[in-house]
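Okay, thanks everyone, I'll keep this short.

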Amino acid sequence: MSARPARPDLGLPTAWPSPVTSVAVAGALTAGLLMTTRPKLGFAVVIALVYAPIVLVNFQLGLALWFPLVFVDYLPGLAKGVHAAAILVGLAWFGTLASQRGSMRAALRPHARLLALVGALLSWIAVSLFWAERPSYGTETLRIWLPAAFLFLMVLSRFTSREHMRWLAISFIAGAVISVIIGLTGSIDTGSSALQTATQQEGRLQGGAGDPNVLAAGIVPAIALATGLIAVARGTLERIALGLTLLLLGVGLAATESRGGLLAMGLAVIVSIVVAKGRRAGIVILTLLALGASGVWFANQPSALQRVTSFNGGGNGRSSLWHVGWAMAQDHPIVGVGFGNFTAQSEKYVRRPTTLQFIDLIVEKPHVTHNTYLQLWDETGLIGLGLFLGACAISLRTALRAATRFDALGDDAMATLSRATFVALVAIMAASFFLTNGHDSRWWLLLAMGPALWGVALRATPQRHEPAW
């Protein structure tokens, strides 16, 4: 029998392509088709194809690249993309459970008490829905708390090195800078009313945060982190970039015209001077740089200065909401009225003899208390508030413990970053006295950074010289 002639080599693959190749080809074809019909959607697919491999290959870098979007997710057309990227980050974290389970357990082991407090807080929030008048309100609010708590867990379990912590700090700063730039761009008469509407509120800068006070609550911690990084920066270009960042953030803080943000900044300055070790003069100079930029803005915007120094309006209704919140806390001090149910109960307090000035914010357009701590007390009682403040206290303590240990190890850069993280968390806690933002991902990221830095410090070895970033 004669041998079968060999097939000619046509250069075609002899096996089916790998799943990764198949997905890449399918994605490229989809993006190409969408570009011709729906360019915006096609562009989003292209970005996803570029971003997905990053977060799958390097989870920490992927999360750090995503986080700045939290500062601008209020902008039209961005919310869905931000949420899609967040889902991808979450799936990537779950995908590493099998291969990184041992290291993740080791990373979480030093934080057992903090994790127990956070778990107890979320459990108590869920239990409080049983006595809530409108449980659906609490369910909707819990849906935006859970992703922030999940971010907290992801940072604690996977950010375990000096580089990872620096990425988080830069990511936070970048988010604030991007939001301020977008807001200042929107303040210019570009003919885009949509951009101006999305980034300005009654002449006040709100960037991509959706509210001037929310933007200010992110700017102050960013200033604290930038001050910490520039204090130990070695390269000239890095110092210049961070110096310009401080100027821009100072202008942005003034442009928000947020009294709460300015008070938080003042407290951050005092705390940074107290906790700074060997760098008080530098910290004061850098802080004055940011405050000087704010002063220049106020000098050129007299109406902005008049707003932040005038308290005749009762805080635009905040005093009335606080009055109701305090009365509610007195009536339900231990267990509260049920998570998310302040607005469902607040109108009942208008029927009592009172001299409230902004009744419309309670009856016609119910608002939250504009105070994170009072809101938690009203809705979850002293039990929920105590659990939340306990978690914050542990995070603050671990940040300072990390700074002390890094000092002993001779790692000045990480010690300074740990103290800057402490100041940043104090700042956002102070700003939240005028906001209801317990679900804020920025807060939960800073809440995780203190313990994560402590974990890095526990695994670090003594340095013979100060290591460069």
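So, at roughly what angle do the axes of H12 and helix H18 cross? Keep in mind that this is a predicted model. The answer is roughly 150°, and the two axes come within 8 Å. Since anything over 145 degrees counts as roughly antiparallel, H12 is roughly antiparallel to H18. As for handedness, the H12 and H18 crossing is right-handed.

Who's making the contact? On the H12 side you've got Gly260, Ala264, Leu267, Ala268, Val271, Ser272 and Val275. From H18, which covers residues 412–431, it's Arg419, Phe422, Val423, Val426, Ala427, Ala430 and Ala431. Sort the residues in that contact by class and you get 11 nonpolar, 2 polar and 1 charged.

Now let's move to serine 258. You'll find serine 258 in the loop between helix H11, residues 236–256, and helix H12, residues 259–275. Is serine 258 buried or exposed? Buried: its relative accessible area is 2%. Its side chain reaches the backbone nitrogen of glycine 261 at 3.0 Å. If you skip the neighbours within four places in sequence, serine 258 is in contact with Arg204, Pro212, Asn213, Ala216 and Val308.

Zooming out to the whole chain, we have 19 helices and 2 strands. Of its 469 residues, 50% count as buried. And if you take contacts between residues at least 6 apart in sequence, 77% of them join residues at least 24 apart.

Technical notes:
Residues are numbered from 1 along each chain as its sequence is written. This is a predicted model: local features need pLDDT of at least 70, side-chain atom pairs count only at pLDDT 80 or more; totals for chains, interfaces and linings use all residues. Side-chain values use heavy atoms; hydrogens and water are left out. Helices (H or I, at least four residues) and strands (E, at least two) are DSSP runs, numbered from the N terminus. Buried means under 20% relative accessible area, exposed over 50%, partly exposed in between (1.4 Å probe, protein chains only). A polar contact is a pair of N or O atoms within 3.5 Å; within protein, one must be able to donate a hydrogen and the other to accept it, and residues adjacent in sequence count only if both atoms are side-chain atoms. Contact means heavy atoms within 4.5 Å. Axes are lines fitted to C-alpha atoms, for helices over the stretch in contact, and angles run from 0 to 180 degrees between N-to-C directions. Angles under 35 degrees count as roughly parallel, over 145 as roughly antiparallel, 65 to 115 as roughly perpendicular and the rest as oblique. A crossing is left-handed if the near helix is turned anticlockwise from the far one by less than a right angle, and right-handed if clockwise. Ala, Val, Leu, Ile, Met, Phe, Trp, Tyr, Cys and Pro count as nonpolar, Asp, Glu, Lys and Arg as charged, and the others, Gly among them, as polar.
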